[in-house]
There are 2 protein chains.
Amino acid sequence: MSNRVSESEQFVMEVLWQESPLSSQEVVERLKAQDWNEKTVKTFLNRMIKKGVIGFETQGRKYLYYPNIEREEFIQQESNGFLDKVFKGNVKELLATFVQNKQLSKQELDYLKTLLDKEQG
Amino acid sequence: MSNRVSESEQFVMEVLWQESPLSSQEVVERLKAQDWNEKTVKTFLNRMIKKGVIGFETQGRKYLYYPNIEREEFIQQESNGFLDKVFKGNVKELLATFVQNKQLSKQELDYLKTLLDKEQG
DNA sequence: CAGTTAAGATTACAGGTGTAATCTTAACTT
DNA sequence: AAGTTAAGATTACACCTGTAATCTTAACTG
């Protein structure tokens, strides 16, 4: 229930959010950039099942895995955790930090201003 | 060298960034909201020394601790890590997520727009 | 000086994580 | 049917972390 997704497991989640259900072999393939041993990926899948963050359907002797949690929801939680942990909940400071330390194109800046206007209602 | 600051240790860092050098007892006091046993805080200080993220001066039989890393730098690293991990480096998406999911006051929105304008140069 | 404190050092211990190797066994092959 | 594969299950193991308790010993107290 309360068990969370580790950093490595998150890569697996991303794969399944992209497309599912997938066999472990397919997950392994889509993660080859990570350069993990197949056994390692299997371990992650196993643990994630136990944690309940993914589920599976059986297909013959193999499992087809799928996510049990929404990406949006997950991002939300991670974001809030980060906000609290690093910025003590101060969104303004967080936003300022990113705006000032990351190069943003004119298009992106405009887009963000539009967003702020929309928020202003 | 490469060892990082854990979540609990970060609370200790915050205290020392606020004011330093401090004795372990002073650190414990400033962390009473955390409701940690004194021994626990001492453990953190000890580990942080070993990790090299804080240092100390001796004063009689006790140590006075101080940070070895800058808060700004730390925030930067944490922020970049989070950006990459959760948003795959897409700052725009990150900013949009926070702007849209957090309640921001008119003042904050105005301030942020000013920031964006400044970025626009 | 002898006893008591209390500071830091060391040890403890379980749960999570990264990183696999080995075990079991159902399914595929010949 | 017998052998081979390969999928998931189990086991391994070290390091990190949270959470302290115990050990040593220098400093303070009377």
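Predicted model: local features only at pLDDT ≥ 70, side-chain atom pairs only at ≥ 80, totals over all residues.
## The sheet in chain A

A:Glu57 sits across from A:Leu64, a residue of strand 3 of chain A. Chain A has an open sheet of three strands, laid out in the order 1-3-2 with antiparallel pairing. Strand 1 (22-23) and strand 2 of chain A are the edge strands; each has a single partner strand, so one side of each has no neighbour in the sheet. Two helices pack on this sheet. Helix 1 (residues 7-18) of chain A touches strand 1, strand 2 and strand 3 of chain A, and its direction makes about 90 degrees with that of strand 3. Helix 3 (residues 38-51) of chain A touches strand 2 and strand 3 of chain A, with its direction at about 110 degrees to that of strand 2.

Now for the pairing itself. Strand 2 (residues 54-59) and strand 3 (residues 62-67) of chain A run antiparallel and are joined by six bridges. Besides the pair we began with, A:Phe56 has A:Tyr65 of strand 3 as its bridge partner. These two strands of chain A make a hairpin with two residues between the strands, and there A:Gly60 takes a positive phi near 65 degrees. As a general point, strands of a sheet pair through backbone hydrogen bonds, either parallel or antiparallel.

## The sheet in chain B

Over in chain B there is an open sheet of three strands, ordered 1-3-2 and paired antiparallel. Strand 1 and strand 2 of chain B are at the edges with a single partner strand each, so each has one side left without a neighbour in the sheet. Helix 1 (residues 7-18) of chain B packs on this sheet and touches strand 1, strand 2 and strand 3 of chain B; its direction is at about 90 degrees to that of strand 3 of chain B. Helix 3 (residues 38-51) of chain B lies across strand 2 and strand 3 of chain B, and runs at about 110 degrees to strand 2 of chain B.

Strand 1 (residues 22-23) of chain B is held to strand 3 (residues 62-67) of chain B by two bridges, with the strands running antiparallel. In that pairing, B:Leu22 faces B:Tyr65 of strand 3 of chain B. Strand 2 (residues 54-59) of chain B joins strand 3 of chain B through six bridges, again antiparallel, and B:Gly55 has B:Tyr66 as its bridge partner in strand 3. Strands 2 and 3 of chain B form a hairpin with two residues between them, where B:Gly60 in the turn has a positive phi of about 65 degrees.

## A core built from both chains

Which residues have the most contacts inside the largest nonpolar core? That core has 32 residues, and the ones with the most contacts in it are A:Leu94, A:Leu95, A:Phe98, B:Leu94, B:Leu95 and B:Phe98. Helix 4 (71-87), helix 5 (91-101) and helix 6 (106-120) of chain A, along with helix 4 (71-87), helix 5 (91-101) and helix 6 (106-120) of chain B, each put in at least two residues. In soluble globular proteins, nonpolar side chains tend to be buried together.

Setting aside neighbours within four places in sequence, B:Phe98 is in contact with A:Ser79, A:Leu83, A:Val91, A:Leu94, A:Leu95 and B:Phe82.

## Helix 6 of chain A against helix 5 of chain B

How do these two helices lie relative to each other, parallel or antiparallel? Their axes come within 10 Å and cross at roughly 10 degrees. Because angles under 35 degrees count as roughly parallel, helix 6 of chain A and helix 5 of chain B are roughly parallel to each other. On the chain A side, helix 6 makes the contact with A:Glu108, A:Tyr111, A:Leu112, A:Leu115, A:Leu116 and A:Glu119, while helix 5 of chain B uses B:Lys92, B:Leu95, B:Ala96, B:Val99 and B:Gln100. The residues of this contact split into seven nonpolar, one polar and three charged.

## Two residues to look at

B:Gln107 is part of helix 6 of chain B. With a relative accessible area of 60%, B:Gln107 is exposed. B:Gln107 and B:Gln10 are 97 residues apart along the chain, and their C-alpha atoms are separated by 30 Å.

A:Thr40 belongs to helix 3 of chain A and counts as partly exposed, at 27% relative accessibility. Between A:Thr40 and A:Gln25 there are 12 Å, C-alpha to C-alpha, and the two are 15 residues apart in sequence.

Technical notes
Residues numbered from 1 in each chain as written. Chains lettered and ligands numbered in written order. Heavy atoms only, no water. Pairing = 2+ DSSP bridges. Helix = DSSP H or I, 4+ residues; strand = E, 2+ residues; numbered from the N terminus. Core = buried A, V, L, I, M, F, W, Y, C linked by side-chain atoms within 4.5 Å. Buried < 20%, exposed > 50% of the residue type's maximum accessible area, 1.4 Å probe, protein only. Contact = heavy atoms within 4.5 Å. Axes fitted to C-alpha atoms, helices over the stretch in contact; angles between N-to-C directions. Parallel < 35°, antiparallel > 145°, perpendicular 65-115°, else oblique. Nonpolar A, V, L, I, M, F, W, Y, C, P; charged D, E, K, R; others polar.
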